[in-house]
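Let us take a walk through a protein chain together. Have the sequence and the 3D view open, and turn the model as you read.

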Amino acid sequence: MNTALVILAHPDDEAYGPCGTIHKLSLQFQVHAMILCSGKRPGAEHVSDTRRRICEMNLTQLGVSTTTWCNYDDTKLEFTDALHAIENTVKQTQPTIVITHDCSDLHRDHRIVHEATLVACRPTPLCSVESLYTFEVPGATDWAFGQFGQFIPNTYVDITQHIDMKCMMLSRYTTETYDYPDSRSVESVQVTAASRGKVMGMAYAEAFRLVYARGRTI
């Protein structure tokens with residue numbers, strides 16, 4: 001069976017990011033998730049256990065088979081640690097498709113995860129990865145204002161049948177979501193999905209940047 005690996009920096013990135021696509025992939029692939037950080041963000045360390053519990057609940061509902069937790073503190077992730085962990089997970093899961101953060105994000109953890117994933121998924125003859133994608137995160141990709149490059153999507157996944165689930169899963173993170181028009185509000189995420197969808201004639205979509213493909217794609 002083909003496998004997909006979703007590499008995330010934090011618990012809540014699955015909901016802000018590609019949860020609709022994860023659910024669709026779980027119907028065709030064995031999906032593995034990897035969370036590098038614990039959700040223990042500076043000044044709000046007390047919410048980390050709740051964030052992990054919600055993330056575990058969401059991933060189970062999305063059909064994820066297994067999850068690897070690394071438990072590094074938020075904002076303190078180091079490239080070497082991330083690379084070592086991601087390389088081990090890629091070796092263990094042998095994914096066909098990998099999805100991770102984009103390099104254009106404001107959040108340093110996201111950029112480190114992106115860079116480490118690119119190194120771990122170099123398309124060598126022995127690498128199992130056939131396609132690699134990056135996704136956007138409200139409040140991280142948009143608020144960088146292009147200072148780390150632009151997120152220019154070239155792949156869109158129809159999540160019209162999954163938008164209610166996406167909004168519900170995000171709303172569980174009461175300590176991480178804010179009132180509209182904050183970019184990190186549930187309503188803003190729905191607006192973004194509608195905006196991405198209209199580009200491709202869909203009601204709602206999640207957008208990705210294809211880094212490379214040499215076989216199976218989403």
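Predicted model: local features only at pLDDT ≥ 70, side-chain atom pairs only at ≥ 80, totals over all residues.

To check the length of a helix, we need one rule: its expected span is 1.5 Å times one less than its number of residues.

Which residues of H4 are buried? They are Ala82, Leu83, Ala85, Ile86, Thr89, Val90 and Thr93. Just after H4 comes glutamine 94, which takes a positive phi of about 50°.

Now follow that cover to H5. This helix has 13 residues and reaches 18 Å from its first C-alpha to its last, close to the 18 Å expected at 1.5 Å a residue. Its buried residues are Asp109, His110, Arg111, Ile112, Val113, His114, Ala116, Thr117 and Ala120.

Strand S3 also deserves a visit. Asparagine 71 lies in this strand, and its phi is near 65°, a positive value in a residue other than glycine. With a relative accessible area of 41%, asparagine 71 is partly exposed. In the loop between S3 and H4 you will find threonine 75. Threonine 75 is not a glycine either, yet it has a positive phi of about 70°. Its relative accessible area is 39%, so threonine 75 counts as partly exposed.

Next, move along to helix H7, residues 186–199. By the 1.5 Å rule its 14 residues should span 20 Å, and the end C-alpha atoms are 21 Å apart, which agrees. The buried residues in H7 are Val186, Ser188, Val189, Ala193, Arg196 and Gly197. They pack against helix H1 (13–16), strand S6 (155–158), helix H6 (163–171) and strand S7 (205–213). After H7 comes glycine 201, with a positive phi near 70°.

The loop between H6 and H7 holds both proline 181 and arginine 184. The peptide bond from tyrosine 180 to proline 181 is cis, with omega near 15°. Arginine 184 has 25% relative accessibility, so it counts as partly exposed. What does arginine 184 contact, once neighbours within four places in sequence are left aside? Its partners are Tyr16, Pro138, Gly139, Trp143, Glu176, Thr177 and Tyr178. The C-alpha atoms of arginine 184 and valine 137 are 8.8 Å apart, although 47 residues separate the two along the chain.

Finally, step back and look at the whole chain. How many helices and strands are there? The chain has seven helices and seven strands, and from the N terminus they run β-α-α-β-α-β-α-β-α-β-β-α-α-β. A compact globule of 218 residues would have a radius of gyration near 17 Å, and the 16 Å of this chain agrees with that. Along its principal axes, the C-alpha trace spans about 45 × 40 × 35 Å. Of the 218 residues, 53% count as buried. Among contacts with a separation of 6 or more, 83% are between residues 24 or more positions apart. The chain exposes about 9,600 Å², with carbon and sulfur atoms supplying 51% of it.

Definitions and conventions. Residues numbered from 1 in each chain as written. Heavy atoms only, no water. Buried < 20%, exposed > 50% of the residue type's maximum accessible area, 1.4 Å probe, protein only. Helix = DSSP H or I, 4+ residues; strand = E, 2+ residues; numbered from the N terminus. Rg over C-alpha atoms; globule rule 2.2 N^0.38 Å. Contact = heavy atoms within 4.5 Å. Areas by Shrake-Rupley, 256 points an atom, 1.4 Å probe, with all protein chains shown as cover.
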